[in-house]
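Let's take a friendly walk through a protein chain. Have the sequence and the 3D view ready, and follow along one piece at a time.

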Amino acid sequence: MKVDLDDLRGFVAVTELGSFHAAADALHLSQPALTRRLQKLEASLGVQLIDRDTRQLRLSSVGRDFFFKARRVLDDLD
């Protein structure tokens, strides 16, 4: 399993900001590029982190647990 730090940053930004649009703006990415990053992260982990629909996004149960670990890793690196 290989996880890219930019993919982690994308996941954390989407989670903290609550939207792909806001996270993409904050990371200076297009929404499709951010979506691809999260899809790549989910594929490398073999789990779905975010439950998406047209109106809202919610973290899956695995996503909630993973968010705190990802946040800690990024905080430690900063």
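This is a predicted model: local features need pLDDT of at least 70, side-chain atom pairs count only at pLDDT 80 or more; totals for chains, interfaces and linings use all residues.

## Getting our bearings

## The chain as a whole

How big a box do the C-alpha atoms fill? Taken along the principal axes, the box is roughly 30 × 25 × 20 Å. Of the 78 residues, 31% count as buried. The accessible surface comes to about 5,000 Å², and carbon and sulfur atoms account for 51% of that surface.

Now think about who touches whom. Among contacts between residues at least 6 apart in sequence, 51% join residues at least 24 apart.

## Helix 1 and its cover

Helix 1 runs over residues 5-17. Its 13 residues reach 18 Å from the first C-alpha to the last, close to the 18 Å expected at 1.5 Å a residue.

Which residues of helix 1 are buried? They are D7, L8, G10, F11, V12, A13 and V14. The cover over these buried residues includes helix 2 (20-27), helix 3 (31-45), strand 1 (50-52), strand 2 (57-59) and helix 4 (61-77).

## Helix 4 and F67

At the other end of the pattern, helix 4 has 17 residues and reaches 25 Å from first C-alpha to last, close to the 24 Å expected. Its buried residues are G63, F66, F67, A70 and L74, and what covers them includes helix 1, helix 3 and strand 2.

Let's zoom in on F67, which sits in helix 4. Its relative accessible area is 12%, and buried means under 20%, so F67 is buried. Setting aside neighbours within four places in sequence, F67 is in contact with F11, V12, T15, E16 and L59. F67 and L49 are 18 residues apart along the chain, and 8.7 Å separates their C-alpha atoms.

## Two residues of helix 3

Is E42 buried or exposed? E42, which has its place in helix 3, is buried, with a relative accessible area of 11%. Not counting residues up to four places away in sequence, E42 touches V47, Q48, L49, I50 and R52.

R36 also lies in helix 3. At 51% relative accessibility, and with exposed meaning over 50%, R36 counts as exposed. R36 and S60 are 24 residues apart in sequence, and their C-alpha atoms are 18 Å apart in space.

## A loop residue to look for

Finally, find H28 in the loop between helix 2 and helix 3. H28 has a positive phi of about 60°, although it is not a glycine. Its relative accessibility is 72%, so H28 counts as exposed.

Methods:
Residues are numbered from 1 along each chain as its sequence is written. Side-chain values use heavy atoms; hydrogens and water are left out. Buried means under 20% relative accessible area, exposed over 50%, partly exposed in between (1.4 Å probe, protein chains only). Contact means heavy atoms within 4.5 Å. Accessible areas come from the Shrake-Rupley method with a 1.4 Å probe; for residues, only the protein chains shown count as cover. Helices (H or I, at least four residues) and strands (E, at least two) are DSSP runs, numbered from the N terminus. The expected span of a helix is 1.5 Å times one less than its number of residues.
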